[in-house]
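Please open the model in your viewer and keep the selection tool at hand. The tour below moves from one selection to the next and says what is found at each stop.

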Amino acid sequence: MIHALTPIAHKLDKVHEFISHLMSQVWCAGGPWDESRLYSDFVGLVKALDAEPNRTKKVMPRLKHLHDLFSALSEPQRRWLRIKFYVNNNVPDLCCGNLLSPARYSDIEKSSPDLAKELHSFFDDLYSDLLVSALVKRTYGCRRDHYKAFMGAQSVKTCPACGMRDLLTEDNTPVGAYDHFLPKGIYPFNSINFKQLVPICDICNGKYKTTKDPLYRDSASRKAFHPFVAPTVAIGIQVGLPGPLIDEAKAEEIELKFTSGNQQDEVDTWAWLYGIEEQYRSFANENGKHWAKQIINFSNRPGQKSTRECYEDHIATYKDQPLRDQHFLRVPFLEECERVGVFN
Ligand SMILES: [Zn+2]
């Protein structure tokens, strides 16, 4: 990621705690179904939801049905699911490749297709239905409240994936979407874990990342930057231009290389996940010529320094604030302009 996000604690996290307890102490523990084994606050919430006149999918019967499906498994299978619940929710360690492999719905399908299907539907509904219900909102807040509190805690409010586009902030009336960093269509158990819900821009989310899995590519596991953990070394961006006539350069002639001190796997995953090479090439082609002309025009003002001196002044200023106005890309682009003679 171009920059790391700052996590927050929010009372909406409590709903994920309910589910954590449900998994470990009820479903995976086996034994007869008994509502009193659930958190009492959760029982109250579920009963209130089920009393809503328009609710077609009653929650408590679904919890019991899932309990029955878990109970039909062997004890080692339930133990495996309990472990995978914690693995799937420990996203920072999964990104580092430090943990056991996560469970996917396709893994659960092998032992119980019905359970995989019901869990998929349940965890999808937790995010799209439960978290936006008026009842949850009254006690724990809603996704909208969480988003505003989250953005209020961020010092940098651009998309952490591309770094180029501004996110909606706490001062906007509408709120931005959360991306499930581990796609909720692939991974069970973490659909309402806000430690893996990430506001990124609509282009990175809907056009590039879509349903890509950050942990695997062509079935090979890979490391990834966790959105809440800063890279140990800032990502290095190298730009290559075909020559000094940048007005005539085509996007495909701009070369880009991304490097990192000791996290090259993570950098490669990031670039692949968000189509960064294509995004930056397109952006640099559209804006790079204006970045260079700005310096040339500035140096042409009466009494100004030489173009070379103006270039050095601008670069020094941009380096002071690499996350502002795409400076992290502007600096290597202008350095390449200088190398190929644009400022001669
Ligand atoms: Zn983005």
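**A pair of helices**

Begin by selecting helix 13 (residues 307-320) and helix 14 (residues 327-340), which pack at an angle of about 155° with their axes 9 Å apart; the axes are lines fitted to C-alpha atoms, for helices over the stretch in contact, and angles run from 0 to 180 degrees between N-to-C directions. Helix 13 is therefore roughly antiparallel to helix 14, a label given to angles over 145 degrees. Helices here (H or I, at least four residues) and strands (E, at least two) are DSSP runs, numbered from the N terminus. Show side chains next, and you will find Tyr311, Ile315, Tyr318 and Lys319 of helix 13 meeting His327, Arg330, Val331, Leu334 and Glu338 of helix 14, where contact requires C-beta atoms, placed from the backbone, to lie within 7 Å.

This is a predicted model, in which local features need pLDDT of at least 70 and side-chain atom pairs count only at pLDDT 80 or more, while totals for chains, interfaces and linings use all residues. Residues are numbered from 1 along each chain as its sequence is written.

**The whole chain and its domains**

**The nonpolar core**

Which residues have the most contacts inside the largest nonpolar core? Select Val15, Cys159 and Cys162, which hold that place in a core of 77 residues; such a core is a set of buried Ala, Val, Leu, Ile, Met, Phe, Trp, Tyr and Cys residues joined through C-beta atoms within 7 Å. At least three residues of this core come from each of domain 1 and domain 2. Around Cys159, leaving aside neighbours within four places in sequence, the contacts are Met164, Arg165, Leu167, Ile200, Cys201 and Cys204.

**Asn89**

Finally, select Asn89 in helix 4 (residues 75-89). Asn89 counts as buried because it has 21 C-beta neighbours inside 10 Å, the cut-offs being 20 or more other C-beta atoms within 10 Å for buried, 12 or fewer for exposed, and partly exposed in between. Not counting residues up to four places away in sequence, Asn89 touches Phe189, Asn190 and Asn193.

Notes. Domains from an automatic or database assignment. Contact = placed C-beta atoms within 7 Å. Parallel < 35°, antiparallel > 145°, perpendicular 65-115°, else oblique.
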